Amino acid sequence: MTNPIGMTNPIGTTGTNRPVASAQPPTPPHRQSGAWQSGAQPSRTESGNASRRRPRARRTQPSRVPNGRLSLWGCIRGEFVRLFALASTYWLLGITLVLLPAGAAMNAWTIHWSMGVDPQTAKPLDTPNPVDVVDLWISVSGFVSTVAIVTGIFGVLAITSEYSTKSIQATLTANPKRLTMITAKIIAISVTVFVVALAGLMISWAIVSIMSSDWSITQLSGREWRLPWVSLFGGAAVLVLMALMAFGVGAICRSTPGALFGYIAILTILPNILTIVSVMAKEFKWVGTVAAFMPGSSIDRFLQMNATSPTLSAVSYDYFVPNWWQSLLVLVGWTVVSVVIGALVVRRADIK
């Protein structure tokens with residue numbers, strides 16, 4: 001229907017002049033009830049329901065590492081995890097725990113057998129001679145020089161395994177401070193080797209004590225009271241020094257075969273060659289002194305404390321040989337030089 005001026009009615013009407021309902025959304029119930037009319041506020045119940053329906057923001061948890069900075073203790077824990085993730089660690093530590101008691105038992109049995117045999121006729125004696133207690137304590141740590149090869153392999157693999165598998169890149173990415181990394185490795189290696197070596201030596205002492213319970217044994221006298229401490233704690237300390245020296249050799253070579261050959265050559269091959277030269281060539285007696293300053297020779301002299309017994313007679317040399325405490329300083333010197341050179345190489349050398 002058109003209006004008098006000829007325009008269409010915007011509202012729209014029917015033939016009965018009733019307005020047509022417009023298409024608008026239905027009014028919410030709370031608005032129909034007049035709750036929000038002319039600025040009226042919603043009730044407390046309605047506002048509480050609305051607040052409960054809102055998702056709350058989660059609170060961020062504080063970081064366990066303050067400021068995301070590396071700490072020495074965190075690096076040490078990481079090195080322990082890395083060491084015990086290697087299968088070789090369990091094999092080498094297990095071999096250490098087996099070799100030390102086994103060697104002590106064999107040495108003690110050999111000493112007891114020799115005391116019951118006539119050295120001239122090789123016939124059994126009716127009454128065996130008493131076993132010197134010095135020999136028994138030396139037998140407790142008698143396999144330390146042999147086990148030094150095992151702990152040396154452990155020290156070499158602690159550093160060269162990362163270079164061989166290229167995991168050293170991830171290690172230095174997580175910890176760019178190379179000296180901190182080396183310090184953490186040294187602490188982890190020292191603690192692990194000392195605990196395992198001391199446990200092995202304690203087991204050796206227990207086995208030798210059980211074996212010699214019904215033997216005739218002499219008593220310690222004079223300066224020999226320090227021998228038990230040197231055999232137990234000194235033997236464990238020696239194995240720690242050898243593991244750290246091998247770690248330094250491994251840091252220098254950064255190759256497992258080269259580091260193992262270099263360590264074994266220093267420990268066993270070179271001393272034997274130098275000793276043979278000093279014996280064969282009388283004019284090169286000074287070579288014997290050089291051989292006496294090698295790690296392999298220093299280990300036995302330190303653990304024996306220059307003690308004498310019926311089976312361990314004192315040997316005289318016509319050239320200078322360090323005594324027992326000087327031999328310990330020699331071992332410390334070898335370890336310090338090896339670790340310092342290895343740390344300098346790791347700090348300055350590029351990762352390939």
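Start by selecting Glu79 and Lys185: both of these residues are buried. Keep in mind that you're looking at a predicted model, with a mean pLDDT of 81 for the protein.

Now show the side chains of that pair. Glu79 and Lys185 meet in a salt bridge, 2.9 Å from N to O. Glu79 belongs to helix H3 and Lys185 to helix H8, so this pair ties together parts that are 106 residues apart in sequence.

Glu162 lies in helix H6 (residues 144-164), so here helix H8 is tied to a part 23 residues away in sequence. Is Glu162 buried or exposed? It's buried, at 2% relative accessibility.

Glu79 has a relative accessible area of 6%, while Arg82 is partly exposed at 29%.

Select the four together: salt bridges with shared partners join Glu79, Arg82, Glu162 and Lys185 into one network.

Next stop, Leu220, in the loop between helix H8 (178-211) and helix H9 (227-253). Leu220 is partly exposed. Which residues beyond its sequence neighbours does Leu220 contact? Look for Val133, Val134, Trp137, Trp225 and Pro228. The C-alpha atoms of Leu220 and Val133 are 6.5 Å apart, though 87 residues separate the two along the chain.

Finally, colour by confidence and find residues 1-23, where pLDDT stays under 50. Residues 30-40 also stay under 50.

Key: Residues numbered from 1 in each chain as written. Predicted model: local features only at pLDDT ≥ 70, side-chain atom pairs only at ≥ 80, totals over all residues. Heavy atoms only, no water. pLDDT = per-residue confidence, 0-100. Contact = heavy atoms within 4.5 Å. Helix = DSSP H or I, 4+ residues; strand = E, 2+ residues; numbered from the N terminus. Buried < 20%, exposed > 50% of the residue type's maximum accessible area, 1.4 Å probe, protein only. Salt bridge = Lys/Arg side-chain N within 4 Å of Asp/Glu carboxyl O. Lists of a residue's contacts leave out its neighbours within four places in sequence.
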